[in-house]
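Please have the sequence and the model in view while reading.

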Amino acid sequence: MTEHKSTLQDWINRRTFLRAGGIGLGAAALAELLKPAALATQQSSSLNLGLAGVPHFPPKIKRVIFLCMAGGPSHLETFDYKPDLDRLNGKPMPESFTKGQPIAQLQGQKLKVQGHLTKFRRHGKGKTWVSDYLPWQAQMVDDICVIKSMVTEQINHDPAHTFMNTGTAISGRPSMGAWVNYGLGSESENLPGFVVMTSVGGRNPQPIAARQWASGFLPSEFQGVEFNSVGQPVHYVKNPSGVSKHDQRRLVDTINALNQIRQQQTGDREIAARIAAYELAFRMQTSVPELVDISDEPQSVLDMYGAKPGDGSYASNCLLARRLAERGVRFIQLYHRGWDHHGGLRKFMNICCGLTDRPTWALVQDLKQRGMLDDTLVIWGGEFGRTPMFQGKGGAGRDHHIKGFTMWMAGGGIRGGTSYGETDELGYNAVKDVVHVRDLHATMLHLFGIDHKKLSVKYQGLDMKLTGVEPAKVIKDIIT
Amino acid sequence: MQQNTVTTEMQFSINAMKRQFLNVVVRLAPVVIILASQLVSAQEVDFQRDVRPILSDKCFFCHGPDPKTREAGLRLDIEASAKEDLGGYFAIVPGKPDESELVTRIHSDDDDIMPPEESEKHLSKKEKEILSRWIKQGAKWAKHWAYEKTKTKPTAELPKKLDARWAATEIDRHVLLTMTKIGLQPAPPADKITLIRRLYFDLLGLPPTPDQVQKFLNDKSPDAYEKLVKQLLASPHFGERMAIFWLDLVRYADTVGYHGDQDHNISPYRDWVINAFNTDLPFDQFTREQLAGDLLKNPTQEQLIATGYNRLLQTSHEGGIQPKEYTAIYAADRVRNVSAVWMGATVGCAQCHDHKYDPYTTTDFYALAAFFADIDDERHFKVGTNSLPTARPPEIELPTKQQSEQIEALQQKLKSDGLDKKQIQALKKQLAAAKKQVRRSMITVTLTKPRTVRVLPRGNWLDDSGPIVQPAIPEFLGKLPGSGRATRLDLANWLVGKSSKSNRFFTSRVMANRIWALFMGHGISRDLGDFGGQGTPPTNPPLLDYLAHHYIAQGLSTKKLIYHIVTSNTYKQSSLVDPSKQRIDPTNQYFARQSRYRLPAELIRDQALLASGLLNDKIGGISVKPYQPAGYYRHLNFPPRRYKHHTDGRQWRRGVYVHWQRQFLHPTFRALDAPTREECTAERPRSNTPLAALSLLNDPTFVEAARNFAQRIILNAGKTDDQKIEFAFRWATLRTPSKIEKKLVRQLLDENRVRYQKNKRDATQLTQIGMSKRDESIDVAELAAWTNVARALLNLSETITRN
């Protein structure tokens with residue numbers, strides 16, 4: 001079917017066509033048209049309708065919650081247990097592993113093996129190895145599939161995040177949340193389809209660029225909207241001081257009425273889209289503050305996450321993620337910044353895991369209790385892992401590492417209680433069932449019912465895809 | 001102002017439709033109107049327009065320029081190869097589709113169907129039919145249009161029945177000839193007010209004031225319009241408008257982009273661009289100075305500033321980066337940009353493999369990169385600091401006359417005798433402070449020994465096994481004259497120089513297409529960034545070639561080219577959409593009307609500031625910081641960032657000067673599709689989002705502008721509410737509101753009056769947003785009520801639309 005390969009212009013034409021229902025209606029009809037229910041039947045309530053023919057096959061999930069541990073958590077202190085690493089602790093790192101390999105901060109330094117900085121135990125029915133830093137996640141291993149053979153191509157934070165989010169280190173490409181919303185459209189009438197939240201805690205946080213949730217060459221409406229824990233939850237979502245909700249309603253009504261007149265007189269279809277955008281903007285002014293106010297949650301739920309309303313913590317963000325998921329947001333991405341443990345790894349692992357372990361567990365439990373885990377994919381992991389070699393910037397730590405690291409997935413369509421792939425005996429190279437970032441993308445899209453080879457957009461003469469030009473594979477073994 | 005003389009687009013539209021209808025009836029009655037898309041079946045198949053795009057998109061991936069992925073030894077991008085004997089059979093036998101394997105295979109029901117299933121590429125029934133018919137008609141070949149040069153200006157010979165009066169210029173003749181072929185007629189001219197508003201936005205990036213409109217309406221001389229065009233082209237604001245489009249292309253920004261996204265010194269380059277457009281620096285010289293100003297004989301300070309072009313790319317000094325890797329990243333970035341901007345080519349695709357669709361090889365990619373291997377830009381790996389601005393040597397110091405004198409004086413004082421230690425320290429401190437005030441700009445300085453550039457196998461920077469390459473232009477485009485190492489100046493001269501072997505015609509055509517798009521809404525070749533095989537062939541090739549020739553004949557004067565375009569009748573057409581035309585040409589590819597689109601981010605800001613009376617129209621200077629949500633930079637680190645908006649007149653400068661933070665561009669700009677300028681942007685998307693609505697409704701910049709606009713409405717518009725509403729409408733849209741529009745605004749006003757009279761505290765709060773002082777002579781409730789009216793008008797679709 002050729003229509004799967006759409007151009008942006010096709011998409012815009014189609015959208016304009018669907019919205020054309022508004023043309024030529026009188027003022028009374030306009031009022032009618034602006035009712036949410038009426039809009040829904042017009043198929044133009046949401047600005048984002050998705051592509052014809054997508055999903056390509058029945059999906060297993062409706063949404064993704066991506067828990068990004070920014071900075072790069074150590075796989076060797078979380079899920080990847082290597083007895084040989086302890087055996088060789090302090091010894092020179094065998095050159096056979098490192099020769100000709102890209103190295104970040106340890107360039108030109110003597111490389112020695114750093115043994116595990118914590119203990120590992122097996123948990124759950126799947127006997128999954130989990131470190132003592134993660135006592136809460138250890139309790140839910142039967143819900144997750146641990147992928148121990150991740151590889152990426154970028155060894156510095158900024159490009160590595162860009163690679164994880166867009167499939168390339170070249171700036172200006174759409175991020176995965178933008179792709180998914182472009183393909184599938186939004187399910188929420190009152191909220192954007194792609195929401196990002198961040199929290200901080202751990203070692204001096206690495207910056208994170210808005211490029212990570214950008215829409216690249218896709219239209220801006222697919223870009224991730226950042227929900228802020230301080231100030232206004234979304235930029236400019238609050239009325240100016242001295243303007244009430246009623247005032248703003250009247251203002252937007254007047255703007256839309258005048259725009260409607262203009263549309264009738266000029267036949268300019270773009271105006272219908274603008275009227276819809278102002279309506280959604282106004283609804284967001286109510287829905288967003290309501291959404292981020294978690295004080296209406298029962299104390300038991302707040303306790304489960306360890307969240308305090310308004311504290312901007314990862315715990316609160318996890319709870320917000322569930323609320324966003326409930327309201328139809330398609331792609332939710334949480335960044336916790338603080339995992340760049342070049343030194344003081346023990347101390348900072350305690351801080352990072354202390355802040356994130358329990359809320360992560362709580363989120364998965366909460367989704368499960370509400371029957372939402374079945375159609376939600378939860379992904380946990382950083383932009384890369386950390387070296388088996390010692391680095392000592394203020395106590396034992398580890399450098400950036402891209403040849404083998406761990407991520408996990410849970411929820412819709414994922415076989416829980418399993419591990420997939422392996423690194424070598426020192427946790428350096430992924431050697432068995434290697435999973436490239438592209439494969440992760442392909443698998444995620446597959447669960448959404450999208451064939452990654454078919455979700456493409458013509459840009460600069462190429463069929464651009466999230467998975468790029470190199471072959472990517474869906475990891476069928478981890479899917480039920 | 002005489003309101004009665006105001007002809008609006010709306011009132012006009014009805015007449016226009018009537019006239020349009022008559023036009024069609026009278027002139028085209030015998031002509032059967034057919035869809036553009038159906039044209040193909042009515043004409044001979046055109047290789048360029050109809051066939052090559054299909055071959056490129058559906059076949060070249062395996063039968064194209066890249067030998068590594070070529071299947072069955074078959075190349076379909078070269079005529080000889082496509083028609084050669086493949087061992088007893090032929091892919092293409094001219095005139096004989098039945099004997100052509102290509103035709104058999106594309107119609108196959110078996111596994112051997114082409115393109116194969118796994119390619120995810122499919123031919124539609126129509127596409128198959130075109131290929132078959134093309135072979136039947138003789139399989140005529142032509143060189144790809146983008147590499148095909150016309151020697152002289154194409155002329156358009158109009159058949160007698162066409163109205164030569166409309167086709168006043170050569171542009172119009174080309175446009176008319178092409179559109180009538182598919183059954184279209186030109187749109188009627190835009191009314192004068194729409195036209196002057198369009199012209200002001202297009203040339204200055206600002207709307208005209210009502211007085212300027214009136215002056216134009218009053219000028220009854222036959223060349224009133226031409227006079228206005230000349231006047232606007234001479235305005236210093238012209239350069240500001242044009243700079244926006246150029247800065248998008250060359251990815252100009254105030255920060256380094258990667259990792260810590262620290263500030264770097266480059267704003268003098270932006271001012272150079274503005275000035276270059278204002279002084280109409282010919283495009284060839286404009287190109288030379290940016291790519292190689294340092295290599296010119298006795299370069300001036302301005303020419304060195306221009307070489308900032310080579311430093312605009314994103315850079316990093318993140319801890320733990322490998323300089324070798326980043327040197328490769330920078331090289332690739334420069335190739336992507338120079339080829340996109342000047343060649344309309346996607347040479348970046350050839351970084352890891354030969355280009356799949358165009359004849360660029362991997363060697364071409366690295367040979368282009370080698371031109372830039374002499375640029376001194378590696379020092380920052382060592383000296384880059386986490387300060388603002390960070391260190392990105394080499395830079396040029398640009399002291400003002402006053403600063404020079406002050407520094408000189410301090411240095412003299414330091415030399416004087418009898419200073420004690422304390423005095424010396426104080427003077428040194430003063431000197432350092434004075435030097436810090438001096439504006440600086442990154443420039444290009446040549447290394448004594450250029451970096452060695454190798455072909456990186458599959459783009460892998462760790463692999464040193466590839467051959468060393470010297471600077472060279474892409475092989476299929478020729479060879480630079482002379483021996484010895486070619487320089488950036490040689491590259492510039494090849495791109496724009498007068499030599500018959502230069503790429504000047506092609507470069508000019510890429511540029512002419514972009515300039516056309518600026519004034520007509522989109523390009524003649526739709527894809528402004530890709531003139532390659534996967535780009536969109538021009539809908540009017542002679543017109544595009546004509547413009548390129550015209551540009552060259554006028555000495556690559558950008559102002560002259562623009563003058564030619566905006567004084568054409570094509571430009572002056574109404575942008576109203578005629579439903580009958582819409583069916584034939586839904587996306588206006590044949591320019592049988594003008595375009596209507598939302599204004600770019602910067603212009604929306606400028607317009608609001610102009611209406612408010614706050615606009616500070618100073619030209620040039622360091623980048624400015626408007627109000628921005630607190631905490632917006634909290635994800636930046638090295639160093640942590642606290643944004644401080646400017647508290648003086650810089651607050652109300654034009655959008656082109658707004659601080660361009662690549663990682664966190666101002667949220668209102670982002671919402672209005674301004675690009676981050678990490679990469680070349682040939683065309684901004686135009687979206688319509690709730691975030692854009694929220695920005696225009698609630699961003700303090702717009703609320704403050706609305707309040708100041710309200711003050712002007714109350715004080716300057718006459719006594720009655722009617723007069724005030726008319727004044728407000730005129731400043732927002734340049735027209736007089738209709739009865740029903742007045743009524744709607746009046747309702748909003750009255751309700752707000754009642755509401756704010758009851759609650760003066762709210763009124764005070766609304767009217768004290770922004771740092772400009774509220775006019776205390778106006779009743780605060782009245783001001784608040786009008787502020788909301790002004791907000792409504794600044795948010796109208798009409799206000800933010802160029803039509």
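## Basis of the model

This is a predicted model, in which local features need pLDDT of at least 70, side-chain atom pairs count only at pLDDT 80 or more, and totals for chains, interfaces and linings use all residues. Residues are numbered from 1 along each chain as its sequence is written, while chains are lettered from A and ligands numbered from 1 in the order in which they are written.

Helices (H or I, at least four residues) and strands (E, at least two) are DSSP runs, numbered from the N terminus. A residue is called buried if 20 or more other C-beta atoms lie within 10 Å of its own, exposed if 12 or fewer, and partly exposed in between, with C-beta atoms placed from the backbone.

## An enclosed strand in chain A

Strand β12 of chain A spans residues 405–411, and seven of its seven residues are buried, so the strand is largely enclosed by the rest of the structure.

Two strands are said to pair if DSSP finds at least two bridges between them. Strand β5 (residues 144–151) of chain A pairs with β12(A) in the antiparallel sense over five bridges, and I147(A) stands opposite M407(A) in β12(A). Strand β9 (residues 376–381) of chain A also pairs with β12(A) in the antiparallel sense, over four bridges; here I379(A) stands opposite M409(A).

## Contact between the chains

Contact requires C-beta atoms, placed from the backbone, to lie within 7 Å. In these terms, 79 residues of chain B are in contact with 68 residues of chain A. On the chain B side, α1 (9–28), α28, α29, α32 (739–758), α33 (760–767) and α34 (780–794) each supply at least two residues. The largest share, eight residues, comes from α29(B).

## Backbone features of chain B

Most residues other than glycine have a negative phi, and most peptide bonds are trans. The bond from M114(B) to P115(B) is cis, with omega near -10 degrees; P115(B) is in the loop between α6 (101–106) and α7 (125–136). The bond from F638(B) to P639(B) is likewise cis, with omega near -5 degrees, and P639(B) lies in the loop between α27 (601–612) and α28 (667–671).

F591(B) has a positive phi, near 55 degrees. This residue is in the loop between α26 (579–584) and β3 (597–598) of chain B, and is buried, with 29 other C-beta atoms within 10 Å.

Notes:
Two residues are in contact if their C-beta atoms, placed from the backbone, lie within 7 Å.
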